[in-house]
Amino acid sequence: MLGWVRLQTGVQEGSPGQLIARHGPQAHVCAHSCLGGACRPCSDAELLLAACTSDFVIHGIIHAVAHDVDLQESVITVMAARVLRQTLPLFGRRGSGEEGLTSIRTPLRCGVHPGPGTFLFMGWSRFGEAWLGCAPRFQEFRRVYEAARTAHLHPCEVALH
């Protein structure tokens, strides 16, 4: 079953879902790339900057999450509805039955779990692999982006439609 993305920090936070519960269901995921490796929600400003500077921006849903304890990584399998931008050809059609499926990595300590809804996955390429930066819910990112656009504070254009 698809669920929403939850984070578990390395700090004593209590139950694994407490961070999201404290910030509400609209919380954004900010993985290893934001502020020195912290796994925490992204701010609105970080979301807008990530949309402009990330190596990839993908609109999609979480298909599955696998955890590799040996590598200390989680691999998020994403069903990409649309690749909004990519600086390297990380995401493309791989063959029948797998169209739109792609993998994005994140540190295991971030405690990513599958979740329902659509997200905007943004991140960076490291040695040909996609690594998660921020993953807000798509509607939440749209709200933040439109507010910044209305105020003429958006740092770049993002084709959301």
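Predicted model: local features only at pLDDT ≥ 70, side-chain atom pairs only at ≥ 80, totals over all residues.
Residues are numbered from 1 along each chain as its sequence is written, and side-chain values use heavy atoms, with hydrogens and water left out.

The structure holds three disulfides, a disulfide being a pair of cysteine sulfur atoms within 2.5 Å. A disulfide is a covalent bond between the sulfur atoms of two cysteines. Helices (H or I, at least four residues) and strands (E, at least two) are DSSP runs, numbered from the N terminus. Residues are termed buried under 20% relative accessible area, exposed over 50% and partly exposed in between (1.4 Å probe, protein chains only).

The link of Cys39 and Cys110 is left-handed, with -55° about the S-S bond. Cys39 lies in the loop between strand 1 (29-30) and helix 2 (44-53) and Cys110 in the loop between strand 4 (101-107) and strand 5, so the pair ties together parts that are 71 residues apart in sequence. Cys39 is buried, at a relative accessible area of 8%, and Cys110 is buried as well, at 0%.

Another disulfide connects Cys42 and Cys134, with an S to S distance of 2.2 Å. The torsion about the S-S bond of Cys42 and Cys134 is about -95°, so this disulfide is left-handed. Distant parts of the chain are linked by the pair, with Cys42 in the loop between strand 1 and helix 2 and Cys134 in strand 6 (residues 129-135), 92 residues apart. Cys42 has a relative accessible area of 5% and is therefore buried; Cys134, at 1%, also counts as buried.

The disulfide between Cys52 and Cys156 has an S to S distance of 1.9 Å. With -95° about the S-S bond, the link of Cys52 and Cys156 is left-handed. Because Cys52 lies in helix 2 and Cys156 in the segment after helix 3 (138-150), the pair ties together parts that are 104 residues apart in sequence. Cys52 is partly exposed, with a relative accessible area of 22%, and Cys156 counts as partly exposed at 22% relative accessibility.

Two packed helices are described by the angle between their axes and the distance between the axes. Axes are lines fitted to C-alpha atoms, for helices over the stretch in contact, and angles run from 0 to 180 degrees between N-to-C directions. Helix 2 and helix 3 pack at an angle of about 90°, and their axes are 10 Å apart. The two helices are therefore roughly perpendicular to each other, where angles under 35 degrees count as roughly parallel, over 145 as roughly antiparallel, 65 to 115 as roughly perpendicular and the rest as oblique. Asp44, Leu47, Leu48 and Ala51 of helix 2 and Phe141, Arg143, Val144, Tyr145 and Ala148 of helix 3 make the contact, a contact being heavy atoms within 4.5 Å. By class, the contact of helix 2 with helix 3 has seven nonpolar, no polar and two charged residues; Ala, Val, Leu, Ile, Met, Phe, Trp, Tyr, Cys and Pro count as nonpolar, Asp, Glu, Lys and Arg as charged, and the others, Gly among them, as polar.

A nonpolar core is a set of buried Ala, Val, Leu, Ile, Met, Phe, Trp, Tyr and Cys residues joined through side-chain atoms within 4.5 Å. The largest such core has 18 residues, and those with the most contacts inside it are Phe56, Ile76, Phe91, Ile104 and Phe121. Strand 2, strand 3, strand 5 and strand 6 each supply at least two residues of this core, and the largest share, four residues, comes from strand 2. A second, separate core of 16 residues includes Cys42, Leu47, Leu48 and Ala51.

Two residues other than glycine have a positive phi, as follows. Gln72 has a phi of about 60° and is placed in the loop between strand 2 (56-68) and strand 3 (73-86). Gln72 counts as partly exposed, at 44% relative accessibility. Phi of Phe127 is near 50°, and Phe127 is found in the loop between strand 5 and strand 6. Phe127 is exposed, with a relative accessible area of 88%.

Ser125 is placed in strand 5 (residues 119-126) and is buried, with a relative accessible area of 18%. Not counting residues up to four places away in sequence, Ser125 touches Asp55, Leu88 and Leu90.
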